Amino acid sequence: MKPSRGERIYSIAVYIVLSIAGLLCLLPLVHIASLSISSMQAVASGHVTIYPVGLSFDAYKQLFEGTPIMKSFMNSIWITVFGVLFSMVFTILAAYPLTRSYFFGRRTYTFGIVFTMLFGGGLIPTYLTIRSLELINTYWALWLPGLVSVFNLLVLRTFIENIPNEVDEASRIDGCGEWRYLLQIVLPLSTPVLATLGLFYGVGYWNSFFNVLMFINDSGKFNLAVLVQQLIQSQMLLSQMNASGSSEQIVLSPEMVNAAAIIVMVLPMMAVYPFLQKHFVKGVMIGAVKG
Amino acid sequence: MRNATKKKWAAIACLLAGTAIFPACSNDGGEQGDKSQGAGSQGKSKITVSIYERGNVPQEMGTIDNNQWTKWINENGPVEAQYVPIPRGESVQKLNLLFASGDAPDVVSDFATSFRDQLYQQKQIMAVDDLIAEHSVSYKALMEKYPELKKAAAKPDGKMYEFGRVQQLVGFQALFIRNDWLKKLDLKVPETPEELFEVAKAFTENDPDGNGQKDTFGIALSGETGSAINTMFRDVDWVLEDGKLVRGWEQKNKANEFKKRLYDAGLVDKDFLADKNGQKAQQDWNSGKIGIFVGRTVDPVNVTQYYEPLKNNVPDAEVIAIKLPASEYGRFAIGVNNPVQMTTVINANAKNPEAAMKYIDFMASKEAGEMLRYGVEGTHSVKGANGCLKPQDAALFSKEVSWNIDFQLLMSQIELEPCAGILSQLDPEKPLEKEFLELVKQNNEANLGEGVEYASITHGEHMPTLSDNLSVIQTNVSKISDFYNKAIVAGASYTIEQAYAEALDLWNKSGGGELAAFYADWYETSKDTAFFAKDMWQFAKKE
């Protein structure tokens with residue numbers, strides 16, 4: 001069937017709008033990438049927009065030699081890998097029972113879990129709790145308080161609920177127990193949603209900033225997000241403080257070094273996306289259509 | 001946070017952790033262990049000290065809280081200091097949290113005067129008069145030499161709460177102008193706002209860079225240049241009139257009228273409001289598109305910020321640092337440093353205030369100051385022709401020494417003079433640095449010379465503390481600048497008079513009167529005791 005004139009105009013319009021939206025997201029990133037591989041001269045004179053000017057990798061050299069970026073990078077990976085692992089394990093273990101109709105009191109549990117979405121403890125009480133558990137300065141302070149995200153838990157529960165009950169009955173007849181059913185039937189059937197949740201958790205841990213800032217008091221344990229923020233903030237602060245007449249003098253990291261740091265920070269997540277994308281699209285729609 | 005369930009899971013996860021399935025735990029514990037050993041200083045009392053984390057310590061040098069300088073301090077100092085890294089960008093937030101939960105370090109340094117004032121008002125820090133009298137040697141000596149330290153450290157109850165550092169008074173901001181453009185267009189250095197306007201006009205319209213295009217701006221309006229125009233008209237919020245400290249509305253109107261004229265005549269970047277911190281203006285200056293611009297001449301790094309890129313782009317560029325033109329309100333300094341800068345306080349809950357005092361004493365000593373600033377003589381630094389220590393190998397120095405500046409928050413540079421300022425740090429052998437040296441000298445003259453006064457009654461960091469209530473008012477009335485900005489860009493449809501009327505309205509509605517009464521009162525009661533501009537000028541270099 002040939003699209004009508006109206007449809008064609010409509011889809012052209014859609015393409016144009018989406019392209020503009022895409023460019024709006026892409027261009028700032030391209031600009032930062034170009035800054036990071038331009039010469040200092042060009043950056044200081046404001047000549048760099050989309051294309052790099054005076055190709056130079058000095059920024060990366062300076063970044064890797066002059067800052068603890070490798071250490072922070074490894075810390076970020078550590079936080080992310082173990083964080084995702086823990087979060088996934090416990091999200092799965094929490095979601096599965098809530099889908100079983102024979103689980104006593106599952107409504108009460110579900111209500112209890114959802115209820116926690118409504119309020120938080122506030123920063124200082126949270127800090128005091130974490131301190132009394134002696135988790136300050138350990139990554140457990142990042143992993144444990146947000147171990148299971150209620151939203152992710154509900155997404156997973158809904159997905160598992162949608163697996164036909166007949167699958168359960170059939171496997172029971174073949175003598176399948178709870179663990180085998182979970183591990184060998186439910187999880188393989190849930191790969192799209194697991195990939196999605198893994199990505200949600202992964203991005204969350206990778207970008208975790210505030211918790212690291214507040215609960216970690218050891219320079220050697222800061223992650224990339226904190227490092228990059230400090231590099232950039234030192235520069236911003238200087239100009240703000242100047243307005244209030246402060247005389248803080250510091251050695252600035254040039255703009256292009258900051259740009260390089262941003263690139264190092266976003267690259268791993270960007271690299272992961274394409275591999276998970278096909279699951280991602282499927283996974284995000286979970287629960288959108290009830291059959 | 002989602003408490004109930006979280007706790008349950010937390011408990012389970014703790015069990016998991018306890019069984020040490022994951023190597024993470026043992027790893028974390030291990031690092032903690034060696035840190036306290038590193039210092040090798042048994043028997044010294046231990047204190048905790050805050051240190052800014054800026055992410056600028058090269059990896060091989062360790063971390064900001066454990067490196068060769070912390071080791072040196074702990075080996076040579078009287079106490080063992082354990083450093084608590086405070087991320088620079090969020091320092092106030094982090095320190096607030098630490099204070100609120102009782103985990104704050106014994107010795108806390110922060111540049112933000114308002115934050116230290118807040119700590120004082122919350123009674124989180126201790127009065128230090130007795131400590132200094134009984135346990136201090138080098139800081140006490142410093143205080144005797146520079147009694148202004150005492151003046152600046154005193155809080156409203158009359159006691160001292162802060163420690164600081166003393167520096168020579170120098171020109172901080174500089175009004176740069178393209179002398180080659182002046183010569184080419186046969187203009188002279190502007191002496192009044194009117195002449196400044198004419199020069200800016202010529203710079204915009206008469207194609208000073210000779211490329212046949214009208215692509216230059218006479219003057220910047222964003223960032224520090226904008227502030228300098230305010231200063232030119234003494235638009236500094238609080239001004240003295242007949243011996244009373246009052247709000248300077250008339251000055252504010254004059255300054256903004258001038259800016260509006262510049263804007264309406266098309267002599268400035270139309271998008272200056274979008275250039276929040278003046279970065280765009282700086283880039284335009286560096287690429288030779290702006291004729292008058294405020295930069296800095298206070299640190300060797302300023303050469304690469306404001307001068308080197310310009311000279312690379314426009315090799316013929318010739319820059320001079322001029323005095324701020326004299327307005328009907330007087331001739332003012334563009335911007336100077338704070339010669340007596342308060343940085344450090346002692347936590348009211350410090351277990352061992354005496355040890356904290358000894359640490360501060362040590363960090364304020366000349367011995368520690370020289371070591372931290374120049375590194376090891378012979379390795380990092382050598383004596384130059386002028387008899388001052390300077391980096392032997394720039395790369396090694398920046399890798400091993402230059403990032404330790406935050407350990408120098410108690411170092412009084414003035415004690416190291418004439419070797420501490422930028423004048424001794426630039427190398428006259430290098431043509432660029434030699435030219436910049438000239439700019440530094442011109443700027444010191446422009447800021448500190450005969451007939452130049454400081455526009456404000458004192459440096460911003462020495463203005464009095466506002467109570468919570470007044471801070472709210474202050475924040476509310478800060479929107480006044482939006483009205484004026486609107487007036488600058490709105491052409492004929494919204495005039496400065498209209499902006500003034502709206503500003504005044506907001507001022508009255510928000511309780512600006514209370515603010516005015518507070519400042520007037522403060523000045524009345526402390527005009528003999530507070531730290532004023534005349535005190536700052538005590539620290540200017542005497543020829």
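In the predicted model, helix α3(B) packs its residues W69(B), W72(B) and I73(B) against E367(B), A368(B), M371(B) and L372(B) of helix α16(B). Of the residues in this contact, 6 are nonpolar and 1 is charged; none is polar. Two packed helices are described by the angle between their axes and the distance between the axes. Here α3 spans residues 68-76 of chain B, and α16 spans residues 366-374 of chain B. Their axes come within 11 Å and cross at roughly 165 degrees. Because angles over 145 degrees count as roughly antiparallel, α3(B) is roughly antiparallel to α16(B). The crossing of the two helices is right-handed.

Chain B is divided into two domains. Domain 1 comprises residues 40-168 and 337-425. Domain 2 comprises residues 173-335, 434-464 and 511-539. The domain centres, taken over C-alpha atoms, are separated by 32 Å. At the contact between them, 17 residues of domain 1 of chain B meet 21 residues of domain 2 of chain B.

The mean pLDDT of chain B is 85, with 92% of its residues at 70 or more. Strand β3 of chain B (residues 107-109) has the highest confidence, at 94. Confidence is lowest in helix α2 of chain B (residues 24-38), at a mean of 39. Over residues 10-41 of chain B, pLDDT is below 50. This stretch has 34 contacts in the model beyond near neighbours in sequence. Where pLDDT is low, the predicted coordinates should not be read in detail.

How values were computed. Residues are numbered from 1 along each chain as its sequence is written. Chains are lettered from A and ligands numbered from 1 in the order in which they are written. This is a predicted model: local features need pLDDT of at least 70, side-chain atom pairs count only at pLDDT 80 or more; totals for chains, interfaces and linings use all residues. Side-chain values use heavy atoms; hydrogens and water are left out. Axes are lines fitted to C-alpha atoms, for helices over the stretch in contact, and angles run from 0 to 180 degrees between N-to-C directions. Helices (H or I, at least four residues) and strands (E, at least two) are DSSP runs, numbered from the N terminus. Angles under 35 degrees count as roughly parallel, over 145 as roughly antiparallel, 65 to 115 as roughly perpendicular and the rest as oblique. A crossing is left-handed if the near helix is turned anticlockwise from the far one by less than a right angle, and right-handed if clockwise. Contact means heavy atoms within 4.5 Å. Ala, Val, Leu, Ile, Met, Phe, Trp, Tyr, Cys and Pro count as nonpolar, Asp, Glu, Lys and Arg as charged, and the others, Gly among them, as polar. pLDDT is the predictor's confidence in each residue, from 0 to 100. Domain bounds come from an automatic or database domain assignment.
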